[in-house]
Amino acid sequence: MGFDPGSPHQALDALSVGLHRKRVNWVLDADICGFFDNMDHEWLLKFLEHRIADERILRLIQKWLRAGASEDGEWSETKIGTPQGAVTFNRCWRTCICTMSSICGLKSGARKVATGDMIVVRFADDLVAGFQHRADAERFLRAFEERLATFGLAIHPEKTRLIEFGRYAAADRKRRGEGKPEAFAFLGFTHYCGANSKGYFAVRRKTAAKKLRAKLLSIKQELRRRMHEPVPGVGKWLKQVVTGYFQYHAVPGNSGTLSRFRDRLCRLWRQVLRRRSQRRRPGWEQLRPLFEIWIPRPRVLHPYPSERFYVLHPK
């Protein structure tokens, strides 16, 4: 089972469905080291030529690639790598990466080395592959590393892991006297083995702790910068930030993490509001109505992965 997603949530749905439907016992959480920083321009253009026939567009992209970068007032030529966040490259990168997956033999290569069930889910430079047999996963990793080296790329050694994961992982590890199955992160969520209300295996997801801390830190810094701005203006900004955050992270099973996120955010804003004046420091009773107005409470905004996946992929 392979998947070329159009959005992060489509990739997350495909991963969840694949882990439930296929006999996956091992998960390879792979990360390409500095994908956007190390992409060779010549290979990039070759990839794009598979999808773009207009030579004028290709020449324009080539000029963008060679435009260089300015840092601290000094211009430098860019011979490798591309600006990941540049709006101009968003569509080009989707085309390039999808083509690269085919040329690198990502799916066909996985099928060649697999003797049992397998899944491959990729979004941008993040990749998760699941295998029924550990030997298949190890062969795939070696083959993928060799293929990437052809294009001047490499697997990140510290961010790439092979872990025991799946419907039998907990029981197998318990029988061997080992701990709970390891979890892995993909597209901002930590995935771990769990069970549903009937006791059957289920893939659980929650916002990755690293991503949660980073978001709270950025909000804390901005709240300090806005300390003396009018409260309604700060509240309106916070509401927009929290609403956008929930729109991505409010998946089934993640409500507890989002509630903790909201509680910590309320505490951060309380600290800032109490520092605005040395004489009058509002307490929780005074601030709770303000928080209810401006900081939304979390609610599930996404369907269960299988529901959306089967609507988009009925076959």
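Which residues are linked in a network of salt bridges? Glu164, Arg173, Arg176 and Glu178 are, a salt bridge being a side-chain nitrogen of Lys or Arg within 4 Å of a carboxyl oxygen of Asp or Glu. Some notes on this and the rest follow.

1. Ground rules. This is a predicted model, where local features need pLDDT of at least 70, side-chain atom pairs count only at pLDDT 80 or more, and totals for chains, interfaces and linings use all residues. Residues are numbered from 1 along each chain as its sequence is written, and side-chain values use heavy atoms, with hydrogens and water left out.

2. Overall picture. The chain has 13 helices and ten strands; these are DSSP runs numbered from the N terminus (helices H or I, at least four residues; strands E, at least two). Of the 315 residues, 42% are buried, where buried means under 20% relative accessible area, exposed over 50%, and partly exposed in between (1.4 Å probe, protein chains only). Take the contacts (heavy atoms within 4.5 Å) between residues at least 6 apart in sequence: 66% of them join residues at least 24 apart.

3. Within it, Glu178 pairs with Arg173, with 3.6 Å between the closest N and O atoms. Arg173 counts as buried at 14% relative accessibility, while Glu178 is partly exposed at 38%. The whole structure has 17 salt bridges.

4. Two other salt bridges. Arg161 and Glu182 meet with their closest N and O atoms 3.0 Å apart. That pair links distant parts of the chain, Arg161 being in strand S7 (residues 161–164) and Glu182 in the loop between helix H8 (169–175) and strand S8 (184–186), 21 residues apart. Arg288 and Glu285 form a salt bridge at 2.8 Å, N to O; they sit three residues apart in helix H12 (residues 284–294), so about one helical turn separates them. Glu285 is exposed at 64%, and Arg288 is partly exposed at 43%.

5. Aromatic pairs. Rings of Phe, Tyr and Trp (its six-membered ring) pair if their centres lie within 6.5 Å; planes under 30 degrees apart count as stacked, over 60 as edge-to-face and the rest as tilted. That rule gives nine aromatic pairs. One of them is Phe189 with Tyr248, stacked at 5.7 Å centre to centre and 25 degrees between the planes. Phe189 is in strand S9 (residues 189–195) and Tyr248 in helix H10 (residues 231–249), so this pair ties together parts 59 residues apart in sequence. Phe189 is buried at 0%, whereas Tyr248 is partly exposed at 24%.

6. Elsewhere, ring pairs join Phe131, Phe140 and Phe144 into a cluster.

7. Charges over rings. The criterion is NZ of Lys or CZ of Arg within 6 Å of the ring centre and within 35 degrees of the ring normal. Arg205 lies over the face of Phe189, 6.0 Å from the ring centre, and the charged end of Lys206 sits over Tyr192, 5.5 Å from its ring centre.

8. Helix H3. In H3 (residues 41–49), His41, Leu44, Leu45, Phe47 and Leu48 are buried. Down the axis, they fall within an arc of 155 degrees (taken from the directions from the helix axis to the C-beta atoms), so they line one face of the helix. Glu42 and Glu49 are exposed on the other side.
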